[in-house]
Amino acid sequence: MPLEIVTVPCLTDNYAYLAHDPATDATAIIDAPEAAPILQALTTRGWKATHILLTHHHDDHIAGVPALVAATGAKVVGAAADAHRLPPLDVELREGDTVKIGVSAGSVIEVPGHTLGHIAFYFPDSAAVFTADSLMALGCGRVFEGTRPQMWESLTKLAALPPETLVYSGHEYTASNARFALTIEPENAALQARAAAVAAAREEGRATVPARLEEELATNPFLRAASTPIRARLGLRDATDAEVFGEIRGRKDRF
Ligand code: ZN
Ligand code: FE
């Protein structure tokens, strides 16, 4: 049985998620920007948090952990590589490790770039991947700690998941990502349509995440380094995909 997944808006533009296993009532919180809206979302559904899965150490993803642990006793789960700067972990994870929410098994994908210890959680039976600030809707996280080639490699791993996978990212940045994406590939009709849909959704205050991976592959410039029109526009016809990605990431940083 797939996980029941709830999007919880937090802070100004962050998202936390609840992932509930109906078979066992186990419930994971994915990222904890702040406790109050997450506790409210749990209470509303009568769910009890059993785990807190952390994608990376940035404050806007972990600040709510102490209050959530105090309120729920949930086990804190995060990357072994960043155990020294995450809240105290009950479980430390590495690439390929399995995470269980009740009977639902997920795998850990290391996606360094935004931070060196960033991980994603992939639940194949639910066609869901929690990517936070690695792959985002129409974008990707800023490369703070790793290198651009390293971020490209991380995105390549996520891009190889089944195309029907839903990508649950960590922020509502999609409208501004769409404006940038159109500067990289203005002739992309799927991107034009998506940008219009995103603008309409935001006008109505609707979340633009999750997004289907196949839609990202068709419209997200950070996954489209192989695109001939993009390469032509950037004057990088003979560059490697990683170099094209690096140029796009640099342009976004200055956008
Ligand atoms: Zn971050
Ligand atoms: Fe963030």
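Start by selecting His56: at 1% relative accessibility, this residue counts as buried. Keep in mind that the model is predicted.

**Stop 1: the zinc ion**

Now show the zinc ion (ligand 1). Its protein donors are His56 through NE2, His58 through ND1, His114 through NE2 and Asp133 through OD. They lie 2.2 to 2.3 Å from the metal. Click on His58. Buried or exposed? His58 has a relative accessible area of 19%, and the cut-off for buried is under 20%, so His58 is buried.

Trace the zinc donors along the chain. Their spacing reads H-x1-H-x55-H-x18-D. Next, look at the angles between the donor atoms. The four around the zinc ion subtend 85 to 173 degrees, and the arrangement is therefore irregular.

**Stop 2: across the bridge to iron**

Asp133 coordinates both metals. The zinc and iron ions are 3.0 Å apart.

Which residues hold the iron ion? Select Asp60 (OD), His61 (NE2), Asp133 (OD) and His171 (NE2), the protein donors of this metal. Their distances from the iron ion are 2.1 to 2.4 Å. Along the chain, the iron donors follow the pattern D-H-x71-D-x37-H. The four donor atoms subtend angles of 83 to 172 degrees, which makes the iron arrangement irregular.

Colour His61 and His171 next. His61 sits in helix H2 (residues 59-62), and His171 in the loop between strand S13 (166-169) and helix H5 (174-184). The pair therefore ties together parts that are 110 residues apart in sequence. Both His61 and His171 are buried.

**Stop 3: helix H5**

**Stop 4: Arg249 in helix H9**

Follow H9 to Arg249, which lies in that helix. Arg249 has 2% relative accessibility, so this residue counts as buried. What does Arg249 touch, leaving aside neighbours within four places in sequence? Select Cys140, Gly141, Arg142, Val143, Arg148 and Phe222; Arg249 is in contact with each of these.

**Stop 5: helices H1 and H3**

Display helix H1 (residues 35-45) with helix H3 (residues 65-72). They pack at an angle of about 35 degrees, and their axes are 9 Å apart. The crossing of H1 and H3 is right-handed. On the H1 side, select Ala35, Ile38, Leu39 and Leu42. On the H3 side, select Ala67, Leu68, Ala71 and Thr72. These residues make the contact. Seven of them are nonpolar, one is polar and none is charged.

**Last stop: Ala41**

Remain on H1 and pick Ala41, which is placed in this helix. With a relative accessible area of 10%, Ala41 is buried. Where are its contacts, beyond neighbours within four places in sequence? Ala41 is in contact with Val8 and Leu18. Finally, draw a line from Ala41 to Thr7. Their C-alpha atoms are separated by 9.0 Å, while the residues are 34 apart along the chain.

Key: Residues numbered from 1 in each chain as written. Chains lettered and ligands numbered in written order. Predicted model: local features only at pLDDT ≥ 70, side-chain atom pairs only at ≥ 80, totals over all residues. Heavy atoms only, no water. Axes fitted to C-alpha atoms, helices over the stretch in contact; angles between N-to-C directions. Helix = DSSP H or I, 4+ residues; strand = E, 2+ residues; numbered from the N terminus. Left-handed = near helix turned anticlockwise from the far one by under 90°. Contact = heavy atoms within 4.5 Å. Nonpolar A, V, L, I, M, F, W, Y, C, P; charged D, E, K, R; others polar. Donors = N, O, S within 2.8 Å, 3.2 Å for Na, K, Ca; no water. Tetrahedral: all angles 85-135°; square planar, octahedral: opposite > 155°, others 65-115°. Buried < 20%, exposed > 50% of the residue type's maximum accessible area, 1.4 Å probe, protein only.
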